[in-house]
Amino acid sequence: MTEIPKEEYVLKGTTACAGCSASLSLRYVLKVAGPDTVLVIPASCSSVIQGTYPNTALHIPVYNIAFAAAAACASGMSNAFRELGKKTNVIVYAGDGGTLDIGIQSMSGAFERGTDFLYICYDNEEYGNTGMQRSGATPLGARTTTTPAGKTEEKKDIDAIIAAHNPPYMATACSAFPQDIFKKVKKALSIRGPTFIHILAPCPSGWHYPPGKTIEIGRLAVKTGMWLLYEREYGQVSISSPSKAAMKNPAPLEEFLAPQRRFAGIDPKTVEILKQRIAQNIKRLTKEESGVC
Amino acid sequence: MLMVATGNRAVAEAVRQAKPAVIAAYPITPQTGIVEQIAEYVTHGDLLSRYIPVESEHSAMAACIGASATGVRTFTATSSHGLLYMHEMTNWAAGARLPIVMANVNRAIGPGWNIWAEHTDAIQERDTGWLQVYISTVQEAYDATLMAFRIAEHNDVLLPVMVNLDGFLLSHDMQPLETVEPGDFIPPLHLPHAIDPTNPVAYGPLTGPDQYFRFRWDIERSMRDSVSVIRQTQAEFARRFGRTYGFTDDYRCDDADVVVVAMGTLGKEAEVAVDTLRNEGVKAGSMRLRWFRPFPKLDLAGREVVVIDRSYSFGFGGTLATSIRASCGIEPYSVIAGLGGQEVTYDDIAGFVRNRRIGGEFWFGVTPGV
């Protein structure tokens, strides 16, 4: 059993939606990181979650920065701290829009330059802060306010893009598995250089399920293989335990899709494509773990 | 030390002596000489800074913001499209009250691609909360850069400063340069709002209208306070190093009936035109505007004024002419010249004065007039 510290850095009084799993994930991230940490946050749900000036619900310094600029800002900050001889953790906490779309250039640059920081993308598969518009992370078939008939393109594989930068450590995680998040953040922060964690963060307000089901939806994403949990340390892939069983015998995808109104009326052909993609991803990841690829 | 140097080299030399902890920059013609020289200094240990070779200008300014927020000295340099690309972040730097110093090598904006001198790039940054100084010689590039750190980091200012030098005309021109030993001319930076994990603060979170409005006023208040800081800094520079600078550089203005107002190298060129005109019996003078933000009070009452603009606000007028009109309550003769690096000689400038039509506007080489 992982010992989770009692200290809280996400205080009461956040302005997150009910059932927000991005703030839940952040709670565990900060429990690992501890007080000698600066969080860099681009425009995202987390700009809202922290509360409004002069109050803050986060008990660590938070540096808010423009949408496209989080990784670059963190890059400057990390270099300055190291120049000052300080070991302060610099953690970017960015959404999928700020990572896969508008922030991809500065993120790629910071990884290529070997910036000593942890970049966390909490992925709610939409522009949540602005009212649930499509992002590059929105899955095929999902309805958003800008894809009212369902998205016609597939989710961008940001993890493959990050992997191409050869960071010393990267991992996927899911808000429904806090102990897994805890372990991965701990490992990432113990490694010098650029590290990346991609956290799937189900969003009741945008995925349209009751807030009380936020953990259940996250678990179903993993159980169905729609979301695969793994680590890639110096190139070596290891599949995380919650995904191991699921990958051998994934639950029917419909169990994940049905409770979410964003998938209401999804075309059976689209569901087939999603299923094929899951099978391919499982095959690819299994091969990568065994080193045969 | 006496040497012959380009404007780019002069800026880099001043940066070496100011010792920023973090420099983040992206190359663009004609600024490249600055970042290449700084990279040389850092590589060979002549400057102990972290040099971050970012992937864009947007990131250059973002990285300077992140570094500056920890309380260390920062520097970047850019030009033209690079400056426009970082525009979102230049606003952020001023709003976050970070004393970042930037050299901007003034260059035209495409299309068509044009790498030569024009002020449109910096003028489009006018309302961001940056202090802007425009210089006219290689020596001044060096001096102004040293002073920029002291001004930006002064507790009454804490706003970023942009040092503007004309592309190629200054960035690549070789002129004599006398460097100094700055000593404690630039005191250590003490940023009152530096990030401190033992005192957790949210920087730049969601802010309601009342407080936001107050923050904007705070920028303006510091901009006004910067006037005396600039004056003190320039006086202290003159006392220590013997070179005197003002908000304007006035040449034979005292008894002048007609005054040429311009920024950058055109303002220097105007001094030769003034001599020519004086020989012809025209009581001309030149007032080269150095500080565009904060905009100084100019003593132009009772004279005719010829303003030369190296930028234009489409649908309204020359930017400098507009500023003179508004701040001095006078109607100048507005000459638009030198766009896209157009050659403008002192003879041309003398011609503008001879053929002035007060209240009129003339696009040199384009519209009929002279």
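**Close-up views of strand E12 in chain B**

View 1. Within E12(B), Arg288(B) is the bridge partner of Ala262(B). In this predicted model, local features need pLDDT of at least 70 and side-chain atom pairs count only at pLDDT 80 or more, whereas totals for chains, interfaces and linings use all residues. Residues are numbered from 1 along each chain as its sequence is written, and chains are lettered from A and ligands numbered from 1 in the order in which they are written. Strand E11 (residues 258–262) of chain B runs parallel to E12(B), the two being paired over 5 bridges; strands pair if DSSP finds at least two bridges between them. Helices (H or I, at least four residues) and strands (E, at least two) are DSSP runs numbered from the N terminus. Together with helix H9 (residues 265–279) of chain B, E11(B) and E12(B) make a right-handed β-α-β unit, right-handed meaning that, with the strands pointing away from the viewer, the path from the first strand over the helix to the second runs clockwise.

View 2. Strand E12 (residues 284–289) of chain B is largely enclosed by the rest of the structure, because 6 of its 6 residues are buried (20 or more other C-beta atoms within 10 Å of a residue's own; exposed if 12 or fewer, partly exposed in between, with C-beta atoms placed from the backbone). Both faces are covered, with Ala284(B), Ser286(B) and Arg288(B) buried on one side and Gly285(B), Met287(B) and Leu289(B) buried on the other.

View 3. The bridge partner of Asp250(B) in E12(B) is Met287(B). When residues up to four places away in sequence are not counted, Asp250(B) touches Gly285(B) and Met287(B), a contact being a pair of C-beta atoms, placed from the backbone, within 7 Å. Asp250(B) counts as partly exposed because it has 17 C-beta neighbours inside 10 Å. Ala94(B) is 156 residues from Asp250(B) in sequence and 30 Å from it in space, C-alpha to C-alpha.

**View 4. Chain B as the setting of these details.** Chain B has 11 helices and 18 strands, and buried residues make up 55% of its 370 residues. Its C-alpha trace spans about 70 × 50 × 45 Å along the principal axes. Of the contacts in chain B with a separation of 6 or more, 80% are between residues 24 or more positions apart.

Conventions
Two residues are in contact if their C-beta atoms, placed from the backbone, lie within 7 Å.
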